[in-house]
Amino acid sequence: MQQFVTVNIDGFFINATKGNSVLDTAIESGICIPHLCHLRSVSDIGACRLCIVEHKVNGRSKVTASCTLNVKEGMVIMTDTENIQKLRRNLAELLVAQAPNSRAIQDIATRCGVKEVRYPFKNDNCVLCGRCVRFCTEVPNANAIGFVGRGKERRVDFPFGVRPKFCNHCEGCVQICPMTFAPCDGPMEPGKEYLCGKCESQLRFAEELPGKCVWCRLGESFDCARYP
Ligand code: SF4
Ligand code: SF4
Ligand code: FES
C-alpha cells in the first residue's frame, strides 16, 4: 500500500509518496529543479549535482542532491535560495567548460542563470553523467556499456572496446545523452568561449519571462514531466 508523507518545498505543503526522491516529488508537483543526470524510472547516482537543494537536518541547513534524497515526514526543502543558485551556477559553468559543444548543457546553464563561463573550455565529448550506462543496464537490461578507466581517462565504453552481441542496437543510450544535441557553432575554441543558448532554444524566453518555466525539455529524457 502506498504511504504518504507531508513535506514543505519552497513554502508549499506537498503530499509526497514515501520512498520517492525530493526531485521526483518536486517535478511531479510542478516545481522545477534543474537536473542533468536524473532519468525518469532509472536509479539515480547524484553525478551532476545540479539538482542540489537546501534542507534542514536537526535545525541545521544542509546542501544535498535532491535526486538521491528521499522525502521524509516534515522535511523542509528550499530549491532556489541564493546559496543554491550560486552553487548551481558554478556547477553549470563547470559542465559547460567540460562540454561546450552540447546545446543541452548550454541550455541547462542558461536555465541556471549562467551568463559567462570562467573556466577554460575542454571540448570533452562526455560529461560522465552516466545516463547511458544506467539506461542500458536498467531499461533494455543489456549491460552492454560501462565506465572504464580512472581520472582523466575515465570514459564510457563497451567491454574491451568492442560492441558485444548482447547490445540490441536500441540506440537508447544515444538518444538520452546530453551530448547528442550539438549547438549550431560546434566546439568552441580557446579565446572564443561564450554561451549562446538562444538559437532554436526554448530558453530564448528565459530573459523575457524570468521566473517562469521556459520548457527547457531537459532532464527527463529531455522531456519534462510537466509536459508529457
Ligand atoms: S544500443 Fe546497445 S549499448 Fe546502447 S542502450 Fe541499447 S543495448 Fe545498451
Ligand atoms: S556518453 Fe553521454 S550519457 Fe553517457 S555518460 Fe557521457 S555524457 Fe552521459
Ligand atoms: S545529481 Fe541529481 S540530477 Fe544529477
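Let me start with helix α4: what covers its buried residues includes β6 (146-148), β7 and α5. Contact here means heavy atoms within 4.5 Å. Buried means under 20% relative accessible area, exposed means over 50%, and partly exposed lies in between, with a 1.4 Å probe and protein chains only. Helices (H or I, at least four residues) and strands (E, at least two) are DSSP runs, numbered from the N terminus.

A word on the source. This is a predicted model: local features need pLDDT of at least 70, side-chain atom pairs count only at pLDDT 80 or more, and totals for chains, interfaces and linings use all residues. Residues are numbered from 1 along each chain as its sequence is written, chains are lettered from A and ligands numbered from 1 in the order in which they are written, and side-chain values use heavy atoms, with hydrogens and water left out.

Back to α4. Of its 8 residues, 6 are buried, so the rest of the structure largely encloses this helix. The buried ones are Arg 131, Cys 132, Val 133, Arg 134, Phe 135 and Cys 136. Note that two arginines, Arg 131 and Arg 134, are on that list.

Now the overall layout. The chain has 5 helices and 7 strands. Along the sequence the pattern reads β-β-α-β-β-β-α-α-α-β-β-α. The chain has 228 residues, and buried residues make up 42% of them. Take the contacts between residues at least 6 apart in sequence: 58% of these join residues at least 24 apart.

Next, the second largest pocket. Its volume is about 350 Å³. Of the 20 residues that line this pocket, the closest to its centre are Cys 132, Ile 145, Val 156, Cys 173 and Cys 177. Which elements give two or more residues to the lining? They are β7 (155-157) and α5 (172-175). The largest share, 3 residues, comes from β7. By type, the lining divides into 14 nonpolar, 2 polar and 4 charged residues.

The terms, quickly. The search runs on a 1 Å grid over the protein atoms alone; a cavity is a set of points where a 1.4 Å probe fits but cannot get out, and a pocket is an open set with protein on both sides within 12 Å along at least five of seven lines. Lining residues have an atom within 4 Å of a point. Grid points are joined across faces, edges and corners, and a volume is the space filled by probe spheres set on the points. Ala, Val, Leu, Ile, Met, Phe, Trp, Tyr, Cys and Pro count as nonpolar; Asp, Glu, Lys and Arg as charged; the others, Gly among them, as polar.

On to helix α3, residues 103-111. It is mostly covered, with 7 of its 9 residues buried. Those are Ala 104, Ile 105, Gln 106, Asp 107, Ile 108, Ala 109 and Thr 110. They pack against α2 (82-98). At the start of α3, a side-chain oxygen of Ser 102 comes to within 3.4 Å of the backbone nitrogen of Ala 104. After the helix comes Gly 113, with a positive phi near 90°.

Gln 98 lies in helix α2. Is Gln 98 buried or exposed? Its relative accessibility is 19%, so Gln 98 counts as buried. Leaving out residues up to four places away in sequence, Gln 98 touches Lys 122, Asn 123, Asp 124, Cys 126 and Val 127.

Now charges. How many salt bridges does the structure hold? There are 3. A salt bridge is a side-chain nitrogen of Lys or Arg within 4 Å of a carboxyl oxygen of Asp or Glu.

Asp 80 pairs with Arg 88, the closest N and O atoms being 3.7 Å apart. Asp 80 is partly exposed at 45% relative accessible area, whereas Arg 88 is buried at 4%.

Glu 93 and Arg 118 meet at 2.9 Å, N to O. Glu 93 lies in α2 and Arg 118 in the loop between α3 and α4 (131-138), so this pair ties together parts 25 residues apart in sequence. Glu 93 is buried, at 6%, and Arg 118 is exposed, at 58%.

Arg 155 and Asp 157 form a salt bridge too, at 3.6 Å, N to O. Arg 155 is partly exposed, at 41%.

Note on methods. A polar contact is a pair of N or O atoms within 3.5 Å; within protein, one must be able to donate a hydrogen and the other to accept it, and residues adjacent in sequence count only if both atoms are side-chain atoms.
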